[in-house]
Amino acid sequence: FPACWDSKLFIKDLHFDRVPVRIYLPRETSASKRRGVIFMHGGCGIFGSISKELKEKIICRYIARKSDSVVVSVGYHLAPEHKYPAQSLECLTATVHFLKTAETYGVDPARIIVCGDSAGGTFTTTVCQVLGQRTDIPKIRAQVLIYPFLQALNFNLPSHQKNAAVAFLTRERTIHFILKYLNKDCSLKEPILAGSHVPENLNLKYRKWINPDLIPDVFKLGYKPPLPALFLPQVHEEVQELFELWISPLLAEDAVIRGLPDTCIVTCEHDVLRDEGLLYKKRLEDNNIRVTWHHVEKGFH
């Protein structure tokens, strides 16, 4: 069959305000407006696409079929050719467009969720944080974060230590991909891994949100707190982007967190990013956001 053919779905490639998207619409007519899902694929902002990534096509078809929803997969342009934060901004643009035009596709604008895996989970998080402050468009109904990347301050949390060498996403590879995404020198990997890019004042400021003490004991078996890192000002200056909310949405202020929709967070046991999901879950719950958490005990990134 052609790549875009499906017996139960119409699949079309469109542009939402110049952002490429692929939309999956159930063929069967509906008596009422359907739910909408905006999907943002992973790949560290440098891999993947809506046309070539088989995994994303399978996920989007599955969601559309099983939930009888209209699914929009965002084909944001990739770094480093398209410089950061173009990826997040394109996801934001496509989301706003869909919220404004949902009824054109038979979708109830009050029943739209945003979903993403890995870096797509990062983009989902930042889009929801930005749109939670707006009153001129319909509110997002919920967000689904599948093992999201949420912070670049501390790469020595328990899950980083436990899964440092676990395939596919090792701790070292995580930092390598972030630096490639930001078009930075990958020789900065080692000092960032040690934490030398974070000045003491920022460590103190964000300890209330990024701290192994906030992670349940069951996830800290064998954890050894690292020795304090020597701060390197030249490294800090080179990677200022790591402290921006487009990269580290876990650093958003409580006023932003309180504007978020209902949330589903998926974490995996054998994943360096597991604890970021756990920390964000706590932040949301502390701010009275309703959270559903699914933990895959034998799951990998």
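Helices here are DSSP runs of H or I with at least four residues, and strands are E runs of at least two, numbered from the N terminus. The model is a predicted one, in which local features need pLDDT of at least 70 and side-chain atom pairs count only at pLDDT 80 or more, while totals for chains, interfaces and linings use all residues. Residues are numbered from 1 along each chain as its sequence is written, and side-chain values use heavy atoms, with hydrogens and water left out.

Let's look at the helix itself.

| Helix α10 | Value |
|---|---|
| Residues 274-286 | 13 residues |
| First C-alpha to last | 19 Å |

The expected span is 1.5 Å times one less than the number of residues. Helix α10 is mostly covered, with 10 of its 13 residues buried, meaning under 20% relative accessible area (1.4 Å probe, protein chains only). Among the buried residues are Arg274, Leu278, Tyr280 and Leu284. Their cover includes β7 (262-270) and β8 (291-300), along with α3 (119-131).

Strand β7 holds Glu269, which counts as buried because its relative accessibility is 15%. The side chains of Glu269 and Arg274 are joined by a polar contact of 2.9 Å; such a contact is a pair of N or O atoms within 3.5 Å, where, within protein, one must be able to donate a hydrogen and the other to accept it, and residues adjacent in sequence count only if both atoms are side-chain atoms. Beyond four places in sequence, the contacts of Glu269 (heavy atoms within 4.5 Å) include Lys162, Phe219 and His295.

Conventions: Buried < 20%, exposed > 50% of the residue type's maximum accessible area, 1.4 Å probe, protein only.
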